[in-house]
Amino acid sequence: MKIRFMGKNDLESVANVHKLAFVRQQHSFEWMQCSFNAFPRVLSFVGEKDGKIVGYITWGQKSGFRPEAVIELEQLAILPVSQGQGHGRQLIMKSLPLLKKQLLSNGSTLKHILVTTGADNFAQQLYKSTLGAEIEATIKNLYSDDEVLMIARNVSI
């Protein structure tokens, strides 16, 4: 799978992935457009297979531009028909060096990664195995159910 920065021409395809992956959320195009327009605070990447976007990942810098950045893995989504093939892992692993390079161009380095996800979301294992993220807290009834806050400290990828 090829990983690259998301471009403006990718918004329709990425919004479609969002709509199919997050069925309770609305206004997928507007949501993805807002994320795209927040560059360089938010960095968005797409994963392509056979010329088609099968997933995306968005990383957001927290609490201002700092010399040591805390980055949130804001969203990771894969088309339902392409799930279970390792695309999420590839998006994380291949976008992180691009993220770090962008941070360096702004005089910053990666300190920690923050992730929030559903308490019952199987993706917790993905975040633990790829990033070393550990659960720090559970937030009761935040969105549609409980959420866990995970932090990956001093990521070396």
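**Surface.** I looked up the accessible surface of the protein chain, and it comes to about 8600 Å². Carbon and sulfur atoms own 52% of that surface. Such areas come from the Shrake-Rupley method with a 1.4 Å probe, and for residues only the protein chains shown count as cover.

**Ground rules.** I noted that this is a predicted model, where local features need pLDDT of at least 70, side-chain atom pairs count only at pLDDT 80 or more, and totals for chains, interfaces and linings use all residues. Residues are numbered from 1 along each chain as its sequence is written, and side-chain values use heavy atoms, with hydrogens and water left out.

**Buried share.** I checked how much of the chain is covered. Of the 157 residues, 43% are buried. Buried means under 20% relative accessible area, exposed means over 50%, and partly exposed is in between (1.4 Å probe, protein chains only).

**Overall size.** The C-alpha trace spans about 35 × 35 × 30 Å along its principal axes. I then compared the radius of gyration with the globule rule. That radius is taken over C-alpha atoms, and the rule is 2.2 Å times the number of residues to the power 0.38. A compact globule of 157 residues would have a radius near 15 Å, and the protein chain agrees with its 15 Å.

**Elements.** I found 4 helices and 7 strands. Both are DSSP runs numbered from the N terminus: helices are H or I with at least four residues, strands are E with at least two. Along the sequence the pattern reads β-α-α-β-β-β-α-β-α-β-β.

**Contacts.** I looked at contacts with a separation of 6 or more, and 62% of them join residues 24 or more positions apart. A contact means heavy atoms within 4.5 Å.

**Charges.** I noted 18 positive and 14 negative side chains. The centres of the two sets lie 6 Å apart. Lys and Arg count as positive and Asp and Glu as negative, while His and the chain ends are not counted. The place of a charge is NZ of Lys, CZ of Arg, CG of Asp or CD of Glu.

**Salt bridges.** Side chains of opposite charge can pair when their charged atoms come close. How many salt bridges are there? The count comes to 7. The rule asks for a side-chain nitrogen of Lys or Arg within 4 Å of a carboxyl oxygen of Asp or Glu.

I looked at Arg4 and Glu48, whose side chains meet in a salt bridge at 2.9 Å, N to O. Arg4 is in strand β1 (residues 2-5) and Glu48 in strand β2 (residues 42-49), so this pair ties together parts 44 residues apart in sequence. Arg4 counts as partly exposed at 22% relative accessibility, whereas Glu48 is buried at 15%. Arg4 and Glu48 also belong to a network of salt bridges with Asp10.

Next came Glu74 and Arg41, a salt bridge at 3.9 Å, N to O. Glu74 lies in strand β4 (residues 68-78) and Arg41 in the loop between α2 (28-37) and β2, so the pair ties together parts 33 residues apart in sequence. Glu74 is partly exposed at 26%, and Arg41 is partly exposed at 37%.

Then I checked Glu72 and Lys62, where the closest N and O atoms of the salt bridge are 3.1 Å apart. Glu72 is in strand β4 and Lys62 in the loop between β3 (52-61) and β4, 10 residues apart. Is Glu72 buried or exposed? Glu72 is buried, at 12% relative accessible area. Lys62 is partly exposed at 30%.

**Loops.** I looked up Pro40 in the loop between α2 and β2. A cis peptide bond joins Phe39 and Pro40, with omega about 10°.

Asp50 is in the loop between β2 and β3. Its phi is positive, about 55°, although Asp50 is not a glycine. Asp50 is exposed, at 78%.

Asn141 sits in the loop between β6 (134-139) and β7 (147-153). Asn141 is not a glycine either, and its phi is positive, near 50°. Asn141 counts as exposed at 56%.

My last entry is Asn106, in the loop between α3 (87-105) and β5 (109-118). Asn106 is partly exposed, at 47%. Its C-alpha atom is 8.7 Å from that of Pro67, 39 residues apart along the chain.
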